[in-house]
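User: Here is a structure that I would like to go through term by term, with each label set against the definition behind it.

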Amino acid sequence: MAAPRFHELEIVKVRSETPDAVAISFAIPDELEDVFAFTPGQYLTLRADIGGEDLRRSYSICSALSETGRRTVGVKRIADGRFSGFAQTLRAGDRIEVMPPQGRFTAEIGGDHDYLLLAAGSGITPCLSIAKSVLAGEPKSTVTLLYANRNSASVMFRDDLNDLKDRYTTRFTLVHVMDEEVQDVEIMNGRLDAEKLESLAKLRVIDPKSADAIYICGPEPMIRSASAAMAALGVDGDRIRFELFTPAPGAKPAPARSDGAAVTATATGGAGQGAAVEIILDGARRTIRVDARSDTVLSAARKAGLDLPWSCAGGMCCTCRCRIVEGAATMDENFSLEPWEIEAGFTLSCQTRPGTEKLVLDFDAQ
Ligand code: FES
(Lines give C-alpha, C1' and ligand atoms only; values in the text may rest on other atoms or scores of the structure.)
Protein backbone atom coordinates (compact mmCIF):
# COMPACT_ATOMS: atom_id res chain seq x y z
CA MET A 1 0.00 0.00 0.00
CA ALA A 2 1.31 3.46 -0.89
CA ALA A 3 2.33 5.88 1.84
CA PRO A 4 -0.35 8.52 2.56
CA ARG A 5 -0.24 11.64 0.37
CA PHE A 6 -1.76 15.07 0.69
CA HIS A 7 -4.66 16.16 -1.51
CA GLU A 8 -5.74 19.75 -2.00
CA LEU A 9 -9.36 20.07 -0.87
CA GLU A 10 -11.77 22.98 -0.98
CA ILE A 11 -13.24 24.26 2.25
CA VAL A 12 -17.00 24.43 1.85
CA LYS A 13 -17.99 25.64 5.30
CA VAL A 14 -16.44 27.16 8.41
CA ARG A 15 -18.72 27.28 11.43
CA SER A 16 -17.86 29.04 14.66
CA GLU A 17 -18.32 26.61 17.55
CA THR A 18 -17.04 28.71 20.44
CA PRO A 19 -15.10 32.01 20.60
CA ASP A 20 -11.90 30.01 20.05
CA ALA A 21 -13.00 26.98 18.02
CA VAL A 22 -14.29 26.34 14.51
CA ALA A 23 -15.64 23.38 12.57
CA ILE A 24 -14.11 23.23 9.09
CA SER A 25 -15.78 21.16 6.36
CA PHE A 26 -13.91 19.97 3.26
CA ALA A 27 -15.59 18.94 0.02
CA ILE A 28 -14.63 15.42 -1.01
CA PRO A 29 -14.81 14.97 -4.79
CA ASP A 30 -16.39 11.71 -5.96
CA GLU A 31 -13.05 10.36 -7.15
CA LEU A 32 -11.55 10.83 -3.66
CA GLU A 33 -14.49 9.46 -1.64
CA ASP A 34 -12.75 6.09 -1.23
CA VAL A 35 -9.39 7.69 -0.45
CA PHE A 36 -11.05 9.71 2.31
CA ALA A 37 -13.15 6.80 3.63
CA PHE A 38 -12.80 6.76 7.42
CA THR A 39 -13.61 4.85 10.55
CA PRO A 40 -15.23 6.94 13.28
CA GLY A 41 -12.52 8.24 15.62
CA GLN A 42 -9.91 8.87 12.93
CA TYR A 43 -8.29 12.22 12.12
CA LEU A 44 -7.17 14.26 9.13
CA THR A 45 -3.76 15.90 8.90
CA LEU A 46 -3.77 19.42 7.43
CA ARG A 47 -0.70 21.02 5.89
CA ALA A 48 0.03 24.69 5.27
CA ASP A 49 3.03 26.90 4.67
CA ILE A 50 2.94 29.35 7.56
CA GLY A 51 5.68 31.94 7.73
CA GLY A 52 7.77 29.93 5.29
CA GLU A 53 7.51 26.77 7.35
CA ASP A 54 5.80 23.51 6.36
CA LEU A 55 3.43 22.99 9.29
CA ARG A 56 1.15 20.00 9.78
CA ARG A 57 -1.43 19.32 12.41
CA SER A 58 -3.88 16.50 12.94
CA TYR A 59 -7.53 17.16 13.76
CA SER A 60 -10.17 14.55 14.46
CA ILE A 61 -13.08 14.06 12.10
CA CYS A 62 -16.41 14.87 13.74
CA SER A 63 -18.57 13.72 10.80
CA ALA A 64 -20.88 10.73 10.93
CA LEU A 65 -20.15 7.83 8.57
CA SER A 66 -23.35 8.66 6.71
CA GLU A 67 -22.17 12.18 5.82
CA THR A 68 -20.69 11.58 2.38
CA GLY A 69 -19.31 14.29 0.14
CA ARG A 70 -17.62 16.18 2.94
CA ARG A 71 -15.52 15.67 6.05
CA THR A 72 -15.56 18.05 9.00
CA VAL A 73 -12.92 18.58 11.66
CA GLY A 74 -13.00 20.67 14.82
CA VAL A 75 -10.08 23.04 15.50
CA LYS A 76 -9.66 24.79 18.81
CA ARG A 77 -7.13 27.61 19.10
CA ILE A 78 -4.40 26.77 21.58
CA ALA A 79 -2.08 29.31 23.21
CA ASP A 80 0.74 30.20 20.79
CA GLY A 81 -0.62 27.60 18.38
CA ARG A 82 0.50 28.77 14.95
CA PHE A 83 -1.58 26.28 13.02
CA SER A 84 -4.68 26.45 15.20
CA GLY A 85 -4.54 30.26 14.97
CA PHE A 86 -4.14 30.06 11.20
CA ALA A 87 -7.09 27.66 11.01
CA GLN A 88 -9.38 30.25 12.59
CA THR A 89 -8.72 32.52 9.57
CA LEU A 90 -9.79 29.95 6.98
CA ARG A 91 -12.95 30.65 5.01
CA ALA A 92 -15.27 28.80 2.62
CA GLY A 93 -13.67 28.69 -0.81
CA ASP A 94 -10.11 28.44 0.54
CA ARG A 95 -8.14 25.36 -0.45
CA ILE A 96 -5.81 23.44 1.83
CA GLU A 97 -3.79 20.24 1.67
CA VAL A 98 -5.30 17.35 3.59
CA MET A 99 -3.95 13.83 4.18
CA PRO A 100 -6.46 10.93 4.08
CA PRO A 101 -7.87 9.70 7.41
CA GLN A 102 -5.58 7.95 9.85
CA GLY A 103 -5.56 6.89 13.45
CA ARG A 104 -6.31 3.93 15.65
CA PHE A 105 -8.77 5.46 18.09
CA THR A 106 -11.58 3.87 16.15
CA ALA A 107 -14.99 2.30 16.56
CA GLU A 108 -15.97 -0.30 13.98
CA ILE A 109 -19.67 0.17 13.41
CA GLY A 110 -22.00 -2.81 13.14
CA GLY A 111 -22.45 -4.42 16.54
CA ASP A 112 -24.70 -4.13 19.55
CA HIS A 113 -22.79 -2.42 22.34
CA ASP A 114 -22.92 -0.02 25.25
CA TYR A 115 -20.38 2.74 24.70
CA LEU A 116 -18.98 5.11 27.29
CA LEU A 117 -17.28 8.20 25.85
CA LEU A 118 -15.21 10.47 28.10
CA ALA A 119 -14.26 13.74 26.40
CA ALA A 120 -12.71 17.00 27.53
CA GLY A 121 -12.54 20.21 25.50
CA SER A 122 -11.73 19.62 21.84
CA GLY A 123 -11.49 15.90 22.66
CA ILE A 124 -15.17 15.89 21.78
CA THR A 125 -14.44 15.74 18.03
CA PRO A 126 -13.69 12.01 17.60
CA CYS A 127 -16.27 11.17 20.26
CA LEU A 128 -18.93 13.07 18.31
CA SER A 129 -18.12 11.10 15.17
CA ILE A 130 -18.30 7.84 17.12
CA ALA A 131 -21.57 8.81 18.84
CA LYS A 132 -23.28 9.92 15.63
CA SER A 133 -22.11 6.86 13.69
CA VAL A 134 -22.97 4.36 16.43
CA LEU A 135 -26.44 5.77 17.05
CA ALA A 136 -27.25 5.83 13.34
CA GLY A 137 -25.59 2.53 12.43
CA GLU A 138 -26.21 0.33 15.46
CA PRO A 139 -29.96 0.39 16.27
CA LYS A 140 -29.59 -1.45 19.58
CA SER A 141 -26.45 0.22 20.91
CA THR A 142 -26.38 2.88 23.61
CA VAL A 143 -23.96 5.77 24.05
CA THR A 144 -23.19 7.66 27.26
CA LEU A 145 -21.08 10.77 26.70
CA LEU A 146 -19.44 12.55 29.60
CA TYR A 147 -18.19 15.90 28.31
CA ALA A 148 -15.95 18.13 30.45
CA ASN A 149 -15.48 21.86 29.85
CA ARG A 150 -14.65 25.00 31.76
CA ASN A 151 -18.11 26.49 31.20
CA SER A 152 -21.01 26.38 28.76
CA ALA A 153 -19.34 28.93 26.45
CA SER A 154 -16.53 26.46 25.78
CA VAL A 155 -18.84 23.58 24.76
CA MET A 156 -18.13 22.64 21.14
CA PHE A 157 -20.81 21.10 18.89
CA ARG A 158 -23.62 22.01 21.27
CA ASP A 159 -26.25 21.90 18.48
CA ASP A 160 -25.09 18.50 17.20
CA LEU A 161 -25.16 17.08 20.73
CA ASN A 162 -28.62 18.48 21.46
CA ASP A 163 -29.81 17.07 18.16
CA LEU A 164 -28.55 13.61 19.15
CA LYS A 165 -30.30 13.93 22.52
CA ASP A 166 -33.59 14.79 20.81
CA ARG A 167 -33.29 12.11 18.19
CA TYR A 168 -32.10 9.21 20.34
CA THR A 169 -33.90 9.86 23.62
CA THR A 170 -33.57 6.32 24.97
CA ARG A 171 -30.15 5.41 23.60
CA PHE A 172 -28.04 8.55 24.10
CA THR A 173 -27.14 10.04 27.47
CA LEU A 174 -25.22 13.32 27.61
CA VAL A 175 -23.67 14.56 30.85
CA HIS A 176 -21.86 17.90 31.01
CA VAL A 177 -19.22 18.40 33.69
CA MET A 178 -17.99 21.98 34.22
CA ASP A 179 -15.35 23.35 36.52
CA GLU A 180 -15.93 27.10 36.16
CA GLU A 181 -19.71 27.19 36.08
CA VAL A 182 -22.12 25.93 38.69
CA GLN A 183 -24.76 23.49 37.45
CA ASP A 184 -27.84 22.51 39.44
CA VAL A 185 -26.68 18.96 40.08
CA GLU A 186 -23.67 19.18 42.37
CA ILE A 187 -21.94 16.07 41.04
CA MET A 188 -21.72 17.69 37.57
CA ASN A 189 -19.49 20.47 38.91
CA GLY A 190 -15.70 20.38 39.15
CA ARG A 191 -12.88 18.72 37.26
CA LEU A 192 -13.27 15.44 35.42
CA ASP A 193 -10.65 13.57 37.40
CA ALA A 194 -10.41 10.08 38.85
CA GLU A 195 -12.32 11.08 41.99
CA LYS A 196 -15.15 12.58 39.94
CA LEU A 197 -15.40 9.50 37.74
CA GLU A 198 -15.51 7.20 40.72
CA SER A 199 -18.27 9.34 42.29
CA LEU A 200 -20.25 9.33 39.05
CA ALA A 201 -19.92 5.54 38.84
CA LYS A 202 -21.02 5.15 42.46
CA LEU A 203 -24.14 7.22 41.73
CA ARG A 204 -24.74 5.15 38.57
CA VAL A 205 -24.54 8.24 36.33
CA ILE A 206 -22.03 6.18 34.37
CA ASP A 207 -21.57 2.42 34.42
CA PRO A 208 -18.01 1.70 33.25
CA LYS A 209 -18.08 -1.94 34.34
CA SER A 210 -20.89 -2.84 32.00
CA ALA A 211 -19.66 -0.70 29.09
CA ASP A 212 -18.41 -2.79 26.16
CA ALA A 213 -16.04 -0.05 25.01
CA ILE A 214 -14.74 3.10 26.67
CA TYR A 215 -13.21 5.90 24.58
CA ILE A 216 -11.23 8.65 26.30
CA CYS A 217 -10.06 11.80 24.51
CA GLY A 218 -8.72 15.03 26.00
CA PRO A 219 -5.55 16.52 27.46
CA GLU A 220 -3.00 13.98 28.60
CA PRO A 221 -3.54 14.46 32.37
CA MET A 222 -7.26 13.81 31.88
CA ILE A 223 -6.54 10.68 29.83
CA ARG A 224 -4.19 9.32 32.47
CA SER A 225 -6.55 10.16 35.29
CA ALA A 226 -9.58 8.66 33.52
CA SER A 227 -7.67 5.52 32.52
CA ALA A 228 -6.53 5.04 36.12
CA ALA A 229 -10.10 5.55 37.35
CA MET A 230 -11.42 2.96 34.91
CA ALA A 231 -8.79 0.47 36.07
CA ALA A 232 -9.65 1.20 39.71
CA LEU A 233 -13.30 0.54 38.91
CA GLY A 234 -12.36 -2.89 37.59
CA VAL A 235 -12.63 -2.21 33.85
CA ASP A 236 -10.52 -4.54 31.69
CA GLY A 237 -7.78 -2.66 29.85
CA ASP A 238 -8.77 -4.13 26.50
CA ARG A 239 -12.09 -2.27 26.66
CA ILE A 240 -10.39 1.13 26.98
CA ARG A 241 -9.19 3.23 24.03
CA PHE A 242 -7.59 6.64 24.26
CA GLU A 243 -6.31 9.27 21.87
CA LEU A 244 -3.15 11.24 22.50
CA PHE A 245 -2.13 14.07 20.19
CA THR A 246 -0.12 16.32 22.47
CA PRO A 247 1.68 14.94 25.49
CA ALA A 248 2.25 17.25 28.42
CA PRO A 249 5.68 18.91 28.46
CA GLY A 250 8.25 16.45 29.74
CA ALA A 251 5.81 13.58 29.49
CA LYS A 252 7.14 10.07 29.43
CA PRO A 253 6.03 7.89 26.55
CA ALA A 254 2.37 7.15 27.08
CA PRO A 255 1.12 3.62 27.08
CA ALA A 256 0.29 2.61 23.55
CA ARG A 257 -1.77 -0.27 24.79
CA SER A 258 -4.83 -0.08 26.87
CA ASP A 259 -3.39 -2.35 29.55
CA GLY A 260 -1.10 0.44 30.66
CA ALA A 261 2.13 -1.23 29.55
CA ALA A 262 4.63 1.38 28.42
CA VAL A 263 6.24 0.69 25.08
CA THR A 264 9.75 1.67 24.11
CA ALA A 265 11.96 0.75 21.22
CA THR A 266 14.61 -1.85 21.75
CA ALA A 267 18.08 -0.42 21.43
CA THR A 268 19.82 -2.61 18.90
CA GLY A 269 23.00 -0.79 18.22
CA GLY A 270 25.22 2.16 19.10
CA ALA A 271 24.68 5.69 17.86
CA GLY A 272 25.43 5.85 14.18
CA GLN A 273 27.49 8.62 12.60
CA GLY A 274 26.63 9.55 9.06
CA ALA A 275 24.91 6.23 8.51
CA ALA A 276 23.66 5.37 5.04
CA VAL A 277 19.90 5.13 5.28
CA GLU A 278 18.09 3.67 2.31
CA ILE A 279 14.48 4.76 2.04
CA ILE A 280 11.93 2.66 0.15
CA LEU A 281 8.84 4.76 -0.62
CA ASP A 282 6.23 4.10 -3.29
CA GLY A 283 8.50 1.42 -4.73
CA ALA A 284 11.41 3.83 -5.26
CA ARG A 285 14.72 3.72 -3.36
CA ARG A 286 16.85 6.62 -2.27
CA THR A 287 19.81 6.78 0.11
CA ILE A 288 20.53 9.65 2.49
CA ARG A 289 23.18 10.17 5.16
CA VAL A 290 21.89 10.48 8.71
CA ASP A 291 24.04 11.63 11.61
CA ALA A 292 22.29 10.08 14.61
CA ARG A 293 23.86 12.64 16.94
CA SER A 294 21.96 15.50 15.35
CA ASP A 295 19.15 14.04 13.27
CA THR A 296 16.39 11.55 13.18
CA VAL A 297 15.70 9.83 9.87
CA LEU A 298 12.78 12.17 9.25
CA SER A 299 14.67 15.38 10.00
CA ALA A 300 17.59 14.27 7.81
CA ALA A 301 15.22 13.30 5.01
CA ARG A 302 13.52 16.68 5.14
CA LYS A 303 16.89 18.43 4.93
CA ALA A 304 17.67 16.25 1.91
CA GLY A 305 14.40 17.29 0.27
CA LEU A 306 12.73 13.89 0.60
CA ASP A 307 8.98 14.04 1.04
CA LEU A 308 8.35 11.35 3.64
CA PRO A 309 4.92 10.98 5.26
CA TRP A 310 4.71 12.67 8.66
CA SER A 311 2.35 14.66 10.79
CA CYS A 312 3.04 15.20 14.50
CA ALA A 313 6.84 14.66 14.42
CA GLY A 314 6.44 13.72 18.08
CA GLY A 315 6.02 9.95 18.08
CA MET A 316 2.26 10.14 18.57
CA CYS A 317 0.41 9.76 15.29
CA CYS A 318 2.12 6.83 13.51
CA THR A 319 1.94 8.61 10.13
CA CYS A 320 5.71 8.14 9.68
CA ARG A 321 5.69 4.41 10.46
CA CYS A 322 8.06 2.27 8.41
CA ARG A 323 9.73 -1.11 8.74
CA ILE A 324 13.39 -1.82 9.33
CA VAL A 325 14.37 -4.37 6.68
CA GLU A 326 18.12 -4.16 7.23
CA GLY A 327 20.27 -2.80 10.04
CA ALA A 328 19.21 -1.55 13.45
CA ALA A 329 17.98 1.67 15.02
CA THR A 330 16.69 3.22 18.20
CA MET A 331 13.68 5.44 18.81
CA ASP A 332 13.78 8.54 21.02
CA GLU A 333 10.13 8.25 21.98
CA ASN A 334 7.22 6.02 21.14
CA PHE A 335 3.71 7.02 22.03
CA SER A 336 1.91 4.99 19.39
CA LEU A 337 3.49 1.75 18.16
CA GLU A 338 2.20 -1.43 19.73
CA PRO A 339 4.64 -4.02 21.11
CA TRP A 340 3.86 -6.41 18.25
CA GLU A 341 4.80 -3.74 15.73
CA ILE A 342 8.17 -3.17 17.37
CA GLU A 343 8.66 -6.93 17.42
CA ALA A 344 7.88 -6.98 13.72
CA GLY A 345 10.52 -4.32 13.04
CA PHE A 346 8.33 -1.25 12.66
CA THR A 347 9.67 2.10 13.77
CA LEU A 348 8.66 5.76 13.72
CA SER A 349 10.97 7.62 11.34
CA CYS A 350 10.45 10.92 13.21
CA GLN A 351 12.00 9.26 16.26
CA THR A 352 14.44 6.88 14.59
CA ARG A 353 18.22 7.20 14.80
CA PRO A 354 20.40 4.71 12.94
CA GLY A 355 22.32 2.24 15.08
CA THR A 356 24.28 0.64 12.25
CA GLU A 357 26.31 1.93 9.33
CA LYS A 358 23.60 0.86 6.93
CA LEU A 359 19.89 1.04 7.60
CA VAL A 360 17.10 0.19 5.16
CA LEU A 361 13.60 1.47 5.93
CA ASP A 362 10.52 0.41 3.98
CA PHE A 363 7.67 2.91 4.08
CA ASP A 364 5.52 0.70 1.85
CA ALA A 365 5.48 -2.17 4.38
CA GLN A 366 2.19 -2.92 6.11
S1 FES B 1 5.11 11.90 12.47
FE2 FES B 1 3.72 11.36 14.05
S3 FES B 1 4.70 9.62 14.96
FE4 FES B 1 6.14 10.32 13.52
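Analyst: Helices (H or I, at least four residues) and strands (E, at least two) are DSSP runs, numbered from the N terminus. On that basis Gly51 sits in the loop between strand S3 (43–50) and strand S4 (53–60). The model is a predicted one, in which local features need pLDDT of at least 70 and side-chain atom pairs count only at pLDDT 80 or more, while totals for chains, interfaces and linings use all residues. Residues are numbered from 1 along each chain as its sequence is written.

User: Why is Gly51 called exposed?

Analyst: A residue is buried if 20 or more other C-beta atoms lie within 10 Å of its own, exposed if 12 or fewer, and partly exposed in between, with C-beta atoms placed from the backbone. Gly51 has 7 other C-beta atoms within 10 Å, and is therefore exposed.

User: What makes Cys318 buried or exposed, and how does Ala313 count?

Analyst: Cys318, in the loop between H6 and S14, has 22 other C-beta atoms within 10 Å and is therefore buried. Ala313 is found in the loop between helix H6 (297–303) and strand S14 (321–326), and because it has 18 C-beta neighbours inside 10 Å, Ala313 counts as partly exposed. Phi is positive in both residues, near 60° for Ala313 and about 80° for Cys318, whereas most residues other than glycine have a negative phi.

User: How do you know that the buried residues of H4 line one face of the helix?

Analyst: The buried residues of helix H4 (residues 194–202) are Lys196, Leu197, Leu200 and Ala201. Seen down the axis of H4, these residues fall within an arc of 135° (the arc of the directions from the helix axis to the C-beta atoms), so they line one face. The face turned away from that buried side carries the exposed residues Glu195 and Lys202.

User: Why is H4 called oblique to H5?

Analyst: The axes, which are lines fitted to C-alpha atoms, for helices over the stretch in contact, with angles from 0 to 180 degrees between N-to-C directions, come within 8 Å and cross at roughly 40° for H4 and H5. Angles under 35 degrees count as roughly parallel, over 145 as roughly antiparallel, 65 to 115 as roughly perpendicular and the rest as oblique, so H4 is oblique to H5. The contact (C-beta atoms, placed from the backbone, within 7 Å) is made by Ala194, Leu197 and Glu198 of H4 and by residues of H5 including Ser225 and Ala226.

Conventions
Two residues are in contact if their C-beta atoms, placed from the backbone, lie within 7 Å.
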